[in-house]
Amino acid sequence: MGGMCGIVGYVGSPPASGRPLEVVIEGLRRLEYRGYDSAGVVVVTPEGLESTKKAGKLANLVEALEAAPLGLGTAAIGHTRWATHGAPNDTNAHPHRSGRTAVIHNGIVENFATLKAELLAEGVEFASETDTEVVAHLLDRAYDATGDLTSAMRQVVRRLDGTFTLLAVHAHHPDTVVGARHDSPLVVGLGEGENFLGSDVAAFIARTRQALELGQDEVVTITPTSVRVTDFDGKPVQARPFTVDWDASAAEKGGFRSFMDKEIADEPKAVADTLLGRTDADGQLVLDEIRIEESVLRAVNKIVVVACGTAAYAGHVAKYAIEHWCRIPVEVELAHEFRYRDPVVDERTLVVAVSQSGETMDTLMAVRHAREQGSTTLAIVNTHGSTIPRESDAVLYTHAGPEVAVASTKAFLAQITAAYLVGLYLAQLRGTLFSDEIASKLDELRVMPDKLQTVLDRSERVREIARWMADTPTVLFLGRHVGYPVAMEGALKLKELAYIHAEGFAAGELKHGPIALIEPGQPVFVVVPSPRGRHSLHSKVVSNIQEIRARGARTLVIAEDGDEAVVPFADEVFRVPRCPTLLAPLLTVVPLQVFACELAHAKGLDVDQPRNLAKSVTVE
Ligand code: M6R
């Protein structure tokens with residue numbers, strides 16, 4: 001089974017060039033963040049299909065290919081896998097072959113057991129434990145009946161339940177790759193005399209910026225000079241073209257030790273780019289992309305943010321700002337919980353889906369459910385050509401650039417920034433803030449990249465502490481108000497990167513239970529609000545620091561420049577520049593990201609590809 005996987009397909013160039021395999025491996029390298037349990041490729045050579053597949057990271061496949069090179073051909077497809085069922089071994093790795101057909105798959109074929117029973121009864125022998133192999137056998141048989149790979153694909157996909165992106169090649173068609181998508185991502189890259197398919201544009205941005213979006217339930221056939229798209233019944237479909245505005249170098253490590261280090265260093269730019277071009281000459285917010293009738297937005301009486309993981313914490317931060325600025329109640333809900341609890345949403349609810357990848361299945365399902373209830377849906381997404389924006393009423397793109405490391409960093413900052421723009425836009429439309437108030441908040445946002453740079457320039461101390469703490473078994477994080485989701489995000493980063501137990505709490509909750517965890521030496525990060533904001537908030541957090549310090553905690557405090565009140569109770573103070581309370585998360589989260597990243601490096605872990613995880617969670 002191919003749960004959340006990276007998929008690449010290529011056709012073009014003379015076979016002797018070796019380019020197809022080179023392009024596919026390069027694409028897999030850029031998509032490896034989607035899954036890294038195994039990898040495999042197949043090339044259509046004049047002698048037939050030649051494939052290699054290996055358990056483990058892509059490097060294992062590359063090594064195997066160097067030891068035993070494949071023949072040359074015009075078309076190739078490749079896969080990097082995040083296993084759902086079926087051990088991540090060589091046999092279960094993709095591609096799966098049957099006769100003259102080879103298939104790779106992202107998703108889960110839910111009715112595979114029934115289909116397998118049928119094939120077994122017909123005497124078909126299975127090599128692997130995967131659902132995907134069923135598709136390979138069905139496709140090979142359908143091809144034998146029709147002599148056409150595209151119509152064979154259409155026949156087969158109509159029999160499948162579940163989610164899938166499939167790519168297939170056939171030995172009789174050395175210059176064709178056929179793809180199909182149903183609830184899993186697939187985009188087309190358009191080249192000169194060559195064409196590409198990929199789970200996302202990162203697969204081919206080094207080669208072309210011209211791309212086509214594929215819709216739900218579509219089949220695509222690429223040759224070096226043509227791209228044909230139909231629905232599952234064979235009716236031609238006009239695919240929507242788009243230009244990828246990501247810079248290919250943004251998907252390279254560029255001298256950093258890891259993508260995560262680079263992506264943290266990119267944060268000032270991610271925030272600046274997300275703000276860029278979103279005001280007119282008079283300073284009015286013009287979110288052209290939000291093509292939702294103003295009357296609908298004025299009538300909104302509730303906002304529900306649906307998201308998962310880090311994106312949900314970004315939504316949680318935004319709740320404080322949007323409620324304050326717009327006086328609309330905002331709920332933040334984990335998308336997987338939202339979908340299955342019969343939420344109360346209707347035509348006057350604005351459902352905001354936040355997602356870096358735009359492919360998170362839980363979030364997509366929440367969007368679909370919200371639309372079925374008549375709600376208006378707005379996506380805040382980083383990846384062009386992805387599914388969530390396609391299926392939402394409107395989209396505001398974050399311009400964070402490609403995020404390759406599995407742990408989300410710059411996307412978090414860009415999501416908060418974009419959500420704040422939405423909040424200010426609603427406030428402008430509904431008149432809950434004066435235009436000079438909006439203008440001054442935008443000015444404050446515009447100076448955040450410089451302040452962020454200051455935080456980054458000061459990060460050596462937090463790195464040092466992280467290296468010292470490499471053996472710590474547990475770390476707690478406390479925050480209040482917008483500092484609360486920041487604390488939870490700090491804990492998530494540490495869990496996923498360094499495999500250390502970590503928890504984020506609302507500081508006010510301490511005395512209701514968590515303070516029992518404090519024992520001498522327990523490290524606790526505390527995110528302190530500005531003393532210039534609501535004074536009570538600041539002084540309450542300072543009291544919390546005293547309370548845990550009194551019980552022996554080792555206090556690692558993130559506080560604003562000039563906040564001297566924390567000094568007597570802090571073992572360490574990490575300083576951030578002064579800024580308005582609501583904008584502080586854009587700064588205070590950074591030392592926590594750096595801490596987790598550095599600590600994972602110190603433990604010798606793979607920072608970009610932590611165990612058991614995949615970047616895009618494209619199955620529920
Ligand atoms: O692509 P998305 O933003 O929808 O992904 C949501 C989460 O899966 C993601 O933020 C995840 O929690 C990250 N690994 C956190 O670093």
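Trainee: Which helix do Lys 493 and Glu 496 lie in, and how many residues apart are they?
Mentor: Both sit in helix H17, which covers residues 483-498, and they are 3 residues apart, about one turn of the helix. Keep in mind that this is a predicted model.
Trainee: How far apart are the closest N and O atoms of Lys 493 and Glu 496?
Mentor: They are 3.5 Å apart, and the two residues form a salt bridge.
Trainee: Are Lys 493 and Glu 496 buried or exposed?
Mentor: Both are buried.
Trainee: OK, zooming out. How many salt bridges does the structure hold?
Mentor: It holds 37 of them.
Trainee: Which residue does Lys 302 form a salt bridge with?
Mentor: Its partner is Glu 331, with 3.4 Å between the closest N and O atoms. Lys 302 lies in strand S15 (residues 302-307) and Glu 331 in strand S16 (residues 330-334), so this pair ties together parts that are 29 residues apart in sequence.
Trainee: And what about accessibility, say for Glu 331?
Mentor: Glu 331 has a relative accessibility of 33%, so it counts as partly exposed. Lys 302, on the other hand, is buried, with a relative accessible area of 16%.
Trainee: Next one: what do the side chains of Glu 391 and Arg 368 meet in?
Mentor: A salt bridge, at 2.7 Å from N to O. That pair links distant parts of the chain, since Glu 391 belongs to helix H12 (residues 387-391) and Arg 368 to helix H11 (residues 361-372), 23 residues apart.
Trainee: Why does Glu 391 count as buried?
Mentor: Because its relative accessibility is 19%, and the cut-off for buried is under 20%. Arg 368 counts as buried too, at 19% relative accessibility.
Trainee: How many of the residues in H13 are buried?
Mentor: 19 of its 21 residues, so the helix is mostly covered.
Trainee: What follows H13?
Mentor: Gly 431 does, and its phi is positive, near 70°.

Key:
Residues numbered from 1 in each chain as written. Predicted model: local features only at pLDDT ≥ 70, side-chain atom pairs only at ≥ 80, totals over all residues. Heavy atoms only, no water. Buried < 20%, exposed > 50% of the residue type's maximum accessible area, 1.4 Å probe, protein only. Helix = DSSP H or I, 4+ residues; strand = E, 2+ residues; numbered from the N terminus. Salt bridge = Lys/Arg side-chain N within 4 Å of Asp/Glu carboxyl O.
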